[in-house]
Amino acid sequence: MALNSSDRSEKANSGVLRTTTWGTLIALSLVLTVFGFNGHRSEDGGNPTNFGGNRSAAQPLAHNVAIPAREHSFLASAVSQVEKLNPFSKSHGSIVPPAPGSLLNEGQTVVATYATSSLQPSNAKRESGPGPGSVPSQAAQDAPALIAAKLAPELQGMDSQKSVDVIVQFKNSPSDLTAEGATTKDSLPLIHAQLVNVKGASLTNLASRSDVLYISPNRPVHGALDKVVTAVNDDLAYANGWDGTGIGIAVIDSGVSYDNDLKSDNNTYPSRIVYSNSYVQNDSSTGDAYGHGTHVAGIISGNGYDSTSANYPANYRGIAPESHIINLRVLDSTGAGTDSQVISAIQKAISLKDTYNIRVINLSLARGVYESYTLDPLCQAVESAWNAGIVVVVSAGNMGQYNDAGTSGYATIGAPGNDPYVITVGATNTHGTGLQTSQTMTSYSSKGPTSFDHIVKPDLVAPGNRVISHIAGSNNTLVTAHSGLAVYPCSNWGNNCGPQYGNARYMRLSGTSMASPVVSGVAALLIQQTPSITPDQVKARLMKTAWKGFSSSTTATDISTGIPYSITQDIFTVGSGSVDAAAALANTDLAPATPGAAKSPTAVYDPVANTVSIVGDSTTVWGNSVVWGNSVVWGNSVVWGNSVVWGNSVVWGNSVVWGNSVVWGNSVVWGNSVVWGNSVVWGNSGSEDSE
């Protein structure tokens with residue numbers, strides 16, 4: 001598949017899951033100045049900012065990289081956030097930043113510390129602090145405060161007569177909630193939860209139940225190769241016989257349409273789409289009316305048949321062209337879905353794991369972060385898949401240009417990419433060369449650390465700008481609205497291309513939605529090579545062997561706006577580096593097989609010393625300086641930093657960086673057909689990064 005810089009196609013709603021294609025930011029720049037969060041975007045790097053939900057003043061928190069017991073983590077989070085999120089709280093004022101050394105919990109190890117003065121890692125002793133379940137006695141006695149803290153921020157102060165769909169997570173097994181006026185709409189046993197409809201007046205009663213852990217809205221979500229293949233050295237892997245044979249990859253997206261590139265070789269049946277199901281409400285079709293999921297599936301598993309049978313200038317083959325696709329549709333014809341739909345699809349993938357050898361789930365979608373990952377239902381779902389032995393790859397999001405909070409795009413990683421278990425992927429630009437060494441970060445790729453928990457993300461990056469992959473028919477929403485996305489065959493001489501030479505078989509998109517399937521494909525190759533390899537071993541191997549040749553900074557220009565961006569290519573931007581298929585397959589190092597062994601570490605900011613420490617749980621591999629040490633995994637990028645990261649209290653607080661619900665929840669921005677259909681917004685050039 002080929003990289004390009006004019007494809008955008010997705011946006012994020014407050015509760016709606018969206019794809020992570022760059023289209024979201026296009027509408028943003030022209031409608032509200034930069035408001036979107038998708039997995040797909042243009043190809044430039046942008047100012048860092050943070051993502052989050054509606055919260056007030058930033059408040060430093062202590063976080064443990066290890067996932068504590070759910071009830072304990074809930075209580076700790078509730079108490080720490082009650083002051084600003086709970087209208088019933090008796091406390092006032094801001095939280096005083098903890099003293100140096102007080103930010104670590106028992107079981108954490110400092111991997112590296114660096115400051116604005118020298119920006120050099122320094123050794124730090126392992127420290128311990130209060131356990132994850134410790135709760136101040138005054139807060140523990142404040143029953144109204146704890147009840148309110150069980151409610152997600154969007155549910156605070158809700159109209160008592162308004163009905164709302166919410167996901168109720170239970171401490172153990174779900175219970176009957178009819179006595180509280182709730183109507184059950186779906187069961188979500190994967191996370192011990194139910195989707196129910198209830199009026200605002202009943203939310204407090206629901207939250208007061210001792211068996212209820214947390215209540216959140218059924219948030220919407222939205223959908224985040226020839227040159228790509230060579231940029232990640234997949235051509236070398238393919239030449240050595242690694243093609244994904246026998247590996248099932250679940251594509252949870254807008255559906256996958258049947259096409260030639262997803263059949264067996266030589267365009268023969270059967271199709272390699274071995275299972276399809278739809279979780280879109282009132283729409284059982286599993287085809288791709290939007291056009292996003294088919295493009296993603298092609299990056300993973302397309303065999304390039306149409307590009308060789310028609311007169312195309314390149315072979316648009318995917319990363320693992322013999323793998324099987326499990327098509328789980330959760331996004332509708334506008335690219336929108338909800339938490340419960342995605343959770344249901346993840347449940348199905350787990351149940352079909354042995355039937356279709358599902359070893360990878362690709363989620364090129366995201367939404368805002370409104371609470372700690374320990375409470376977020378999407379994060380709990382992806383962790384369940386991870387613990388079941390499935391590698392989960394998630395796009396980072398396309399909010400790198402967002403700067404309304406003054407963070408220059410830092411802290412804008414979306415959910416569920418904020419979960420420390422999964423592999424979160426940002427997007428690079430190969431500048432049309434297909435060379436690994438030509439990669440630079442795009443302006444739109446979201447940056448870490450994550451909101452609330454300050455997890456070091458992304459874990460990896462991969463080519464995601466102007467990627468050419470298969471088209472879902474000529475009538476999909478994206479191409480119908482934006483004809484410039486279509487890629488047509490060429491004349492016999494190859495110097496003139498267009499509809500006069502045949503129907504478009506491919507389309508071009510940009511965003512982190514295009515980068516994550518690259519990593520999903522490479523993960524499938526590792527699993528083909530070593531079937532016994534576990535998700536944590538895959539993650540650790542990919543991170544250690546990633547290409548780390550990024551310079552300390554770069555610049556990129558968004559072609560839709562002409563705005564240039566200066567990008568610091570640090571640990572919160574490039575993660576451990578760009579995925580390298582050949583290097584990963586050549587390596588033999590294995591992390592521990594246990595789930596959580598490769599959880600992403602936490603970034604801890606010391607406001608007194610003005611330093612940031614990378615802290616890993618003692619059970620993870622990152623503390624082993626011999627095999628998985630800091631300099632080996634993250635290279636020199638760990639010592640680069642932007643003053644915005646070090647000094648900005650918004651980045652290190654527990655507030656939602658994007659704050660304003662307009663970013664995620666305003667239907668005018670994300671739901672209105674004008675945003676998606678208006679040629680003035682999308683035009684022919686899109687809003688990618690220039691090559």
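Because the model is predicted, local features are reported only at pLDDT of at least 70 and side-chain atom pairs only at pLDDT 80 or more, whereas totals for chains, interfaces and linings use all residues. Residues are numbered from 1 along each chain as its sequence is written, and side-chain values rest on heavy atoms, with hydrogens and water left out.

Helices (H or I, at least four residues) and strands (E, at least two) are DSSP runs numbered from the N terminus, and two strands are taken to pair if DSSP finds at least two bridges between them. In general, strands of a sheet pair through backbone hydrogen bonds, either parallel or antiparallel. An open sheet of four strands has the order 4-5-3-6, with antiparallel pairing. Its edge strands, each pairing on one side only, are strand 4 (183–188) and strand 6 (212–217). Neighbouring strands of this sheet are turned by 30° against each other on average, direction ignored; axes are lines fitted to C-alpha atoms, for helices over the stretch in contact, and angles run from 0 to 180 degrees between N-to-C directions. Strand 3 and strand 6 run antiparallel and are joined by five bridges, and Val168 has Ile215 in strand 6 as its bridge partner. Helix 10 (residues 339–351) lies across strand 3, strand 4, strand 5 (193–199) and strand 6, at about 35° to strand 4.

Ser163 belongs to strand 3 (residues 163–170). With a relative accessibility of 39%, Ser163 counts as partly exposed; buried denotes under 20% relative accessible area, exposed over 50%, and partly exposed the range in between (1.4 Å probe, protein chains only). When neighbours within four places in sequence are left aside, Ser163 is in contact (heavy atoms within 4.5 Å) with Met158, Asn197, Val198 and Lys199. Ser163 and Lys199 are 36 residues apart along the chain, and their C-alpha atoms are separated by 4.2 Å.

Strand 16 (residues 391–395) has five of its five residues buried, so this strand is largely enclosed by the rest of the structure. Val391, Val393 and Ser395 point one way from strand 16, while Val392 and Val394 point the other way. Strand 16 pairs in the parallel sense with strand 14 (residues 358–363) over four bridges, and Leu363 stands opposite Val394. A parallel pairing over three bridges also connects strand 16 with strand 17 (residues 423–429), where Ile423 stands opposite Val393.

A further open sheet consists of three strands in the order 20-22-21, with antiparallel pairing. Strand 20 (467–470) and strand 21 (486–487) are its edge strands, each pairing on one side only. Helix 8 (residues 292–301) lies across strand 20 and strand 22, running at about 100° to strand 20.

Helix 14 (residues 512–529) comprises 18 residues and reaches 26 Å from its first C-alpha to its last, close to the 26 Å expected at 1.5 Å a residue; the expected span is 1.5 Å times one less than the number of residues.

The structure holds seven aromatic pairs. Rings of Phe, Tyr and Trp (its six-membered ring) pair if their centres lie within 6.5 Å; planes under 30 degrees apart count as stacked, over 60 as edge-to-face and the rest as tilted. Tyr316 and Tyr506 form an edge-to-face pair, at 4.9 Å centre to centre and 65° between the planes. This pair links distant parts of the chain, 190 residues apart: Tyr316 lies in the loop between helix 9 (305–309) and strand 12 (324–329), and Tyr506 in strand 22 (residues 506–509). Both tyrosines, Tyr316 and Tyr506, are buried. The rings of Tyr605 and Trp652 are stacked, because their centres are 5.4 Å apart and their planes at 20°. Tyr605 lies in strand 25 (residues 602–606) and Trp652 in helix 20 (residues 649–652), so the pair ties together parts 47 residues apart in sequence. Tyr605 is buried at a relative accessible area of 15%, as is Trp652 at 4%. Ring pairs also link Tyr312, Tyr316 and Tyr506 into a cluster.
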